[in-house]
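Before you set up any calculations, here are my notes on this model, arranged as numbered points. Please read them with the coordinates open beside you.

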Amino acid sequence: MPETRFDYIVVGAGSAGCAMAARLSEDPSVRVLLLEAGKKDGALEINMPGLIGKVVPPNKYNWSYWTEAQKHLNGRKLYWPRGKVLGGSSAINGLLYVRGHARDYDEWAQLGCTGWSFDDVLPYFLKSEGSDRAPDALHNTDGPLKTTQHTSQSPLNTAFLNAATEMGLPYTDDFNGPNQEGVGWYDQTIRGGRRQSAARTYLAEAMGRSNLSILTEAQARRVVMKGRRATGVEISRRGKVETWHAGREVILCGGAINSPQLLQLSGIGDPKTIQAVGLPVVHDLPGVGKNMQDHLDLTVYAHLKDPISLFRYKAPHRGLTEMAKWFLKKPGMLSDCVTPVGAFLKTDPALERPDVQFHIMLGMADQPHGFEDPHEHGFGIHVCQLRPHSRGTISLGTNDPLAPALIDPNYLAAPEDLRVMREGVKLVRRLMSQPAIRDLTTREKDPWHGVDIDDDKTTEALIRDKAETIYHPVGTCAMGPADNRNSVVDPSLKVIGLEGLRVVDASVMPRLIGGNTNAPTIMIAEKCADMIKREAARQAVA
């Protein structure tokens with residue numbers, strides 16, 4: 001029988017969990033257990049950036065969630081991919097390294113999250129980053145998370161940037177630099193053509209430590225409580241139920257869906273939600289599962305005159321050539337992300353920061369999320385609203401711990417969200433009408449072809465019919481002041497009113513940041529690991 005007692009149990013080996021386990025296990029005097037419901041991450045399609053279309057659709061490395069029917073999206077249920085593998089969603093994401101706007105974090109601090117302003121969190125972004133940029137006040141070169149500037153040579157990227165110039169849009173050399181606003185190239189969590197997931201970086205560095213244990217295919221069922229204190233985790237593994245014990249802390253890193261679900265399964269949350277499925281209430285904390293925010297996204301596609309999209313690599317000889325390049329570590333289509341350029345822009349010049357984000361897509365899609373391979377030459381531009389006003393929920397549909405939670409993002413419940421999406425779509429279509437792009441295309445893909453760019457009513461109808469997630473759910477265990485009934489964790493990420501229990505992942509964000517969420521989630525883990533170490537050092541001296 002293996003030893004089941006540890007100092008720290010980290011639940012979820014995703015972006016935050018891998019970073020947390022790696023940092024805590026740097027102290028050889030503590031024993032750390034990392035639990036992951038999914039498998040190991042040795043698959044080629046995970047490691048190879050250009051094969052992202054193989055890991056986003058439903059597969060064994062993916063939780064493959066679906067939302068509840070969305071009232072404001074014509075009753076559609078939306079597909080939500082989340083990583084179920086070592087590395088979590090960093091093993092299946094779009095590989096973009098984006099921190100968000102500095103003002104986003106200052107806003108957290110203004111909401112009562114003391115110690116989370118941009119000046120407070122920047123050191124932890126730097127600690128995590130291993131950039132190929134020159135080191136300066138905003139970039140570091142020796143952190144675990146390796147990032148690379150662009151390598152893609154597609155003419156579509158050049159066309160996007162030139163069209164932006166023709167439209168009078170500003171250019172920025174660095175979306176994580178002093179000025180986020182503008183068009184430019186994304187830094188990528190890629191190095192040497194290989195995906196740099198949290199497992200391939202943080203966890204790989206920590207794997208050989210004798211004080212770190214990792215259990216895969218171990219799904220958490222509930223947090224074990226003794227009075228007000230978390231003492232361990234009950235899991236399902238190999239068809240059996242097991243209990244593993246934590247002497248110091250249980251740290252939930254399951255993400256914006258699984259962390260609030262696990263709290264509720266443990267009797268921690270809104271009593272009405274918990275009692276509705278027949279579970280006992282252990283701790284009244286009404287904010288659990290509330291405050292959900294996500295980036296809603298829509299893609300406008302166009303047909304190309306010439307065969308310059310990713311579809312050209314469907315030809316066997318080209319595909320084999322690209323595969324050979326990747327194995328030989330030479331730059332090529334498979335070593336780069338499929339959305340290498342983009343923009344952060346304002347739909348209203350009076351705004352203090354961008355409110356929409358663009359990503360170019362170097363291929364055509366008939367179905368979202370890679371459900372179907374491209375079958376013709378084309379490309380698209382994604383537009384997402386960065387700061388939604390709508391709020392959704394995660395709740396229990398059953399007391400079965402292995403059943404998925406009920407996911408209701410409540411997209412477009414706030415009218416302002418629809419307005420921003422509509423104006424963002426207008427910006428995209430104007431960009432696509434500039435000569436640099438227009439000269440490469442034949443027409444927009446239906447249903448946009450023939451729709452007047454200023455036809456607001458039709459545009460809004462198409463948004464309701466076509467919009468999808470861009471995979472950035474946050475906020476469901478929101479950080480805030482302990483005296484706020486909507487807060488789930490305090491600024492030290494401790495679950496309010498309990499001992500020995502923290503949540504450390506994207507669910508603690510009180511407001512969704514203006515950008516991709518992988519880098520901020522890792523930053524959160526870096527900062528919390530530092531707090532835990534400092535607290536342990538103080539207790540040792542006391």
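1. Leucine 412 lies in the loop between strand E23 (406-408) and H10, and in this predicted model its phi is near 60°, a positive value in a residue other than glycine. Most residues other than glycine have a negative phi, and most peptide bonds are trans. Is leucine 412 buried or exposed? Leucine 412 counts as buried, because its relative accessible area of 6% falls under the 20% limit.

2. A positive phi is also found at lysine 329, which is not a glycine and has a value of about 60°. The residue sits in the loop between helix H9 (316-327) and strand E19 (341-345), and lysine 329 counts as exposed, with 62% relative accessibility.

3. Where the backbone passes from aspartate 446 to proline 447, the peptide bond is cis, with omega near 10°.

4. Helix H10 (residues 415-432) and helix H12 (residues 456-466) have axes that come within 10 Å and cross at roughly 105°, which makes H10 roughly perpendicular to H12. On the H10 side the contact is formed by Leu418, Met421, Arg422, Val425 and Lys426, and these meet Asp456, Thr459, Glu460, Ile463 and Arg464 in H12. Sorted by class, the contact of H10 with H12 has four nonpolar, one polar and five charged residues.

5. Threonine 458 is likewise placed in helix H12, and the residue is partly exposed, with a relative accessible area of 27%. From threonine 458 to glycine 378 the separation is 80 residues in sequence and 23 Å in space, taken C-alpha to C-alpha.

6. Strand E18 (residues 296-304) is mostly covered, nine of its nine residues being buried. With strand E21 (residues 378-385), E18 runs antiparallel and is joined by seven bridges, and valine 300 stands opposite isoleucine 381 in E21. E18 pairs in the antiparallel sense with strand E24 (residues 441-444) over three bridges, where alanine 302 stands opposite glutamate 444. E18 also pairs with strand E25 (residues 468-469), again in the antiparallel sense and over two bridges, with aspartate 297 opposite glutamate 468.

7. The axes of helix H4 (residues 118-128) and H13 come within 8 Å and cross at roughly 105°, so that H4 is roughly perpendicular to H13. Asp120, Val121, Tyr124, Phe125, Lys127 and Ser128 in H4 meet Ala519, Pro520, Ile522, Met523, Glu526, Lys527 and Asp530 in H13. The contact of H4 with H13 has, by class, seven nonpolar, one polar and five charged residues.

8. Glutamate 526 also forms a salt bridge with arginine 23, the closest N and O atoms being 2.9 Å apart. This pair links distant parts of the chain, since glutamate 526 is in helix H13 (residues 518-541) and arginine 23 is in helix H1 (residues 15-24), 503 residues apart. Are the two partners buried or exposed? Both count as buried, because glutamate 526 has a relative accessible area of 0% and arginine 23 one of 11%.

9. Lysine 533 forms a salt bridge with glutamate 26, with the closest N and O atoms 2.6 Å apart. The link again spans distant parts of the chain, from lysine 533 in helix H13 to glutamate 26 in the loop between H1 and strand E2 (32-35), 507 residues apart. Here lysine 533 is partly exposed at 28% relative accessible area, and glutamate 26 is partly exposed at 37%.

10. The structure holds 39 salt bridges, and one of them joins the side chains of arginine 248 and aspartate 7 at 3.8 Å, N to O. Arginine 248 is in strand E15 (residues 240-252) and aspartate 7 in strand E1 (residues 5-11), 241 residues apart, and arginine 248 is partly exposed, with a relative accessible area of 34%. A network of salt bridges links Arg103, Asp104, Glu107, Glu352, Arg353, Arg387 and Arg511.

Conventions: Residues numbered from 1 in each chain as written. Predicted model: local features only at pLDDT ≥ 70, side-chain atom pairs only at ≥ 80, totals over all residues. Heavy atoms only, no water. Salt bridge = Lys/Arg side-chain N within 4 Å of Asp/Glu carboxyl O. Helix = DSSP H or I, 4+ residues; strand = E, 2+ residues; numbered from the N terminus. Buried < 20%, exposed > 50% of the residue type's maximum accessible area, 1.4 Å probe, protein only. Pairing = 2+ DSSP bridges. Axes fitted to C-alpha atoms, helices over the stretch in contact; angles between N-to-C directions. Parallel < 35°, antiparallel > 145°, perpendicular 65-115°, else oblique. Contact = heavy atoms within 4.5 Å. Nonpolar A, V, L, I, M, F, W, Y, C, P; charged D, E, K, R; others polar.
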